[in-house]
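Here is a short note to read beside the structure. Keep the viewer open and find each residue as it comes up.

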Amino acid sequence: MSNIREIAKKAGVGIATVSRYLNETGYVSDEVKVKIQKVIEELNYKPNALARAIFTKNSKTIGLMVPNISNPFFNQMASIIEEYASNMGYNILLCNTDDNEEKEKKYLDVLQSHRVAGIIVSRSQCGEEYKNIEIPIVSFENHISDKIITISSDNYQGGRIAFEHLYEKGCRKILHVRGPQTFEATELRFKGFVDGAKEKNLEIDYIEFESDFQVKMLKENIESIKNIRDYDGIFVFNDIAAATVMKFLKKRGVKIPEEIQIIGFDNSFICELVHPSLTTISQPIQNLGKTTIEFLIGLIHGEEIPIKDYLMETKLIKRETTYS
């Protein structure tokens, strides 16, 4: 593998000159730049990005920690962030934490050791670990610290919208399939849904799922509901879990929406793949991803962005699992 010593020798310049050219840290004449670049192309030289980041303190890599890349929502979110980052000259180092605190801590160490320019963390399980990190951080979906920007959908309002839609469509015996209580976003959806029901003096039942997206576990959770035919409306904390509920119901001959109406949350691509297509609460995923990466890159470039919780509007997307 070629190195800067070989480049300098073949170009007839000093090592320091090649270093200035590669790291853009000093003057190099246009004539010499052409010579160096020609040799770099001949030798197919690839700079050591980590070494360059350490030397220049200017990494072009961003760490992206997602809780579950198998979840269609986070899959789409990662894709959007990667595209925007690439357009702005940054690479993404993707870390799948599986909502595991120890795994997240290990990835955090890895990202710091690789001198990433900044970190986007989704649904963090270890907020304390971020308090003394000096590189820019943006949190998605849950509040980590008063010193870190948080970007999320208005999950509470989304929960209220879900209740209001089921109630408007005639549902009075309602079940909420609740996400794990450790997830801030799904807890806000639960609270919004319950508060909406209280305003109508309606009691709802709920069951808590133990996982975001592990099909076997979701299946076990839903099979524990023995009296599911008693309900006429179900709100599920995300789309993939809602698809699992639909499969369970259809296997038992329950007609959707004639017997039970169902609403999910996220508006991920899974909604159009299931039959009937899934009514859901939409998170503005394109805007969420774009804003998250733009805020982080702004912080990396030294921009002053107010540190607060940024909430984005959720809205109802009507499809076939509820009455039109």
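1. **The model.** This is a predicted model, in which local features need pLDDT of at least 70, side-chain atom pairs count only at pLDDT 80 or more, and totals for chains, interfaces and linings use all residues. Residues are numbered from 1 along each chain as its sequence is written, and side-chain values use heavy atoms, with hydrogens and water left out.

2. **Cis peptide bonds.** Most peptide bonds are trans. Look at Ile256 and Pro257: a cis bond joins them, with omega about 10°. Pro257 sits in the loop between α10 (239-251) and β9 (261-266). Helices (H or I, at least four residues) and strands (E, at least two) are DSSP runs, numbered from the N terminus. The bond from His275 to Pro276 is also cis, with omega near -5°. Pro276 belongs to the loop between α11 (270-273) and β10 (279-282).

3. **Positive phi.** Most residues other than glycine have a negative phi. Arg123 is not a glycine, yet its phi is positive, near 55°. Find Arg123 in the loop between β3 (118-122) and β4 (137-140). Asp266 is not a glycine either, and its phi is about 130°. Asp266 lies in strand β9.

4. **Cover at these two sites.** Is Arg123 buried or exposed? Arg123 counts as buried because its relative accessibility is 5%. Buried means under 20% relative accessible area, exposed over 50%, and partly exposed in between (1.4 Å probe, protein chains only). Asp266 is buried too, at 5% relative accessibility.

5. **A buried arginine.** Arg189 lies in helix α8 (residues 184-199). Its relative accessible area is 3%, so Arg189 is buried. Which residues does Arg189 touch, not counting those up to four places away in sequence? They are Glu141, Asn155, Tyr156, Gly159, Phe235, Phe237, Asn238, Phe265, Asp266 and Gln283. Contact means heavy atoms within 4.5 Å. Asp266 in this list is the residue with the positive phi.

6. **A positive patch.** Lys226, Lys247, Lys251 and Arg252 form a positive surface patch. Patch residues have over 30% relative accessible area and no salt bridge, and like charges are joined within 9 Å. A salt bridge is a side-chain nitrogen of Lys or Arg within 4 Å of a carboxyl oxygen of Asp or Glu. Lys226 is in the loop between α9 (215-223) and β8 (233-236). Lys226 counts as exposed because its relative accessibility is 74%.

Notes. Patch = residues over 30% accessible without salt bridge, like charges linked within 9 Å, V, L, I, M, F, W, Y side chains within 5 Å. Areas by Shrake-Rupley, 256 points an atom, 1.4 Å probe, with all protein chains shown as cover. Lys, Arg positive; Asp, Glu negative; His and termini not counted. Charge placed at Lys NZ, Arg CZ, Asp CG, Glu CD.
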